[in-house]
Amino acid sequence: MKIKTLSAIAAMLVSTPFVAVADEADKDANLVVNGEVELVTRAPAPAHLEGAVDEVISGWLFRTSETQSLQMDDFDNPGMIFVDQAMDDWGTAVGSEGKSCADCHGAVEDSMEGVRAVYPKWNETAGEVRTVAQMINECRTDRMGADALGYTSAAMARMEALISMQSRGMPVNVAIDGPAQETWEWGKELYYTRTGQLQMSCANCHEDNYGNNIRADHLSQGQINGFPVYRLKNAKLTTPHGRFKGCVRDTRAETYGTGSDAFVALELYVASRGNGLSVEGVSVRN
């Protein structure tokens, strides 16, 4: 099959307009968790998205009403069991130093408050942009004498989820200037570069066609303010790099490695596209 034919098929998959979402979900719904924590799911687009989109929208608004409701109550949210497991991890001593996360950082709700809202961010000591996952592994290897966690492993995903929960409701505010700008620019280039047999970029789906149908689902803007997410189709938590890998695979391209410099740059750029939206902690998606 020729590439142009594959591209035509891909285009046919995104054929239904955004108004169709209203048949399955309330696209004007308000996300209030546990009846008390109101999250911002729509915000004016940050200045660096001028000419791309006027408004940034959480993936929660693209889900069915049933899926939306799962995230509105921590008791119903299937991702919360992994947060509970991570709380046990937080207090468990590991490695040659016999230390736990709590030994250095204290209570997670105090020391990790606001962290997720500003990551990825420039790390002056390392001289590069670092993600939450990279900082977790730095603590394990350099301070605890423990093995690094697999970048998209279950143990890493639940620890990221626990840390994200401490910023729930805070606005995403990822810095893209100063020393981080070069990495951000690279991430932007990756976002708009067509790859694979289908010759598609991130933007083709999440900027040009958000709200349209792709197979039996609706394309979102691809915001990562809710990551790690509990994906119903996989029955587990998914991290940003795990999702990036899946998206690149779907374009029939050779993917970058999880934790690679390229994916770190892409995470920085994609995170910045959600500036102004609330950190959702553990979100629920299809």
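Which two side chains meet in a salt bridge at 2.9 Å, N to O?

What we have up on the screen is a predicted model, where local features need pLDDT of at least 70, side-chain atom pairs count only at pLDDT 80 or more, and totals for chains, interfaces and linings use all residues. Residues are numbered from 1 along each chain as its sequence is written, and side-chain values use heavy atoms, with hydrogens and water left out.

Okay, back to the question. The pair is Glu207 and Arg273. By salt bridge I mean a side-chain nitrogen of Lys or Arg within 4 Å of a carboxyl oxygen of Asp or Glu. Glu207 sits in the loop between helix H10 (202–206) and strand S7 (213–214), and Arg273 in the loop between H12 and strand S11 (284–285), so this pair ties together parts that are 66 residues apart in sequence. The H and S labels are DSSP runs numbered from the N terminus: helices are H or I with at least four residues, strands are E with at least two. Glu207 is buried at 14% relative accessibility, and Arg273 is buried too, at 3%. Buried here means under 20% relative accessible area, exposed means over 50%, and partly exposed is in between, using a 1.4 Å probe and protein chains only.

Why would such side chains get together at all? Side chains of opposite charge can pair when their charged atoms come close.

Searching the whole structure turns up 9 salt bridges. One of them joins Arg168 to Asp74, with the closest N and O atoms 3.0 Å apart. Arg168 is in the loop between helix H8 (154–165) and H9, while Asp74 is in the loop between helix H2 (65–71) and helix H3 (80–90), so here the pair ties together parts 94 residues apart in sequence. Arg168 and Asp74 are both buried.

Then there's Arg158 with Asp89, where the closest N and O atoms are 2.6 Å apart. Arg158 is buried at 18%, whereas Asp89 is partly exposed at 25%. There's also a network of salt bridges, made up of Glu128, Arg130, Glu138 and Arg143.

While we're at that H8–H9 loop, have a look at Ser167, which is found there as well. Its relative accessibility is 0%, so Ser167 counts as buried. Setting aside neighbours within four places in sequence, Ser167 is in contact (heavy atoms within 4.5 Å) with residues including Met112, Gly114, Arg116 and Val279.

Now, helices. How do H9 and H12 pack? Helix H9 (residues 181–192) and helix H12 (residues 261–272) are at an angle of about 90 degrees, with their axes 7 Å apart. Those axes are lines fitted to C-alpha atoms, for helices over the stretch in contact, and the angles run from 0 to 180 degrees between N-to-C directions. H9 and H12 are therefore roughly perpendicular; in this scheme 65 to 115 degrees is roughly perpendicular, under 35 roughly parallel, over 145 roughly antiparallel, and the rest oblique. Among the H9 residues that meet H12 are Trp184, Trp186 and Leu190, and among their H12 partners are Ala265, Leu266 and Tyr269.

H12 also meets H11. The axes of H11 and H12 come within 10 Å and cross at roughly 100 degrees, which makes H11 roughly perpendicular to H12. On the H11 side, the buried residues are Pro240, His241, Phe244, Gly246 and Val248, and these pack against strand S10 (236–238) and H12. Just after H11, Arg252 takes a positive phi of about 60 degrees.

Last stop, the inside. A nonpolar core is a set of buried Ala, Val, Leu, Ile, Met, Phe, Trp, Tyr and Cys residues joined through side-chain atoms within 4.5 Å. The largest one has 56 residues, and those touching the most other members include Val83, Trp90, Ile136 and Leu266. Which helix gives the largest share of this core? That's H12, with 8 residues. As for Val83, leaving out neighbours within four places in sequence, its contacts are Ala161, Leu162, Met165 and Val282. Apart from this core lies another, of 8 residues, among them Ala29, Val33, Leu39 and Ile57.
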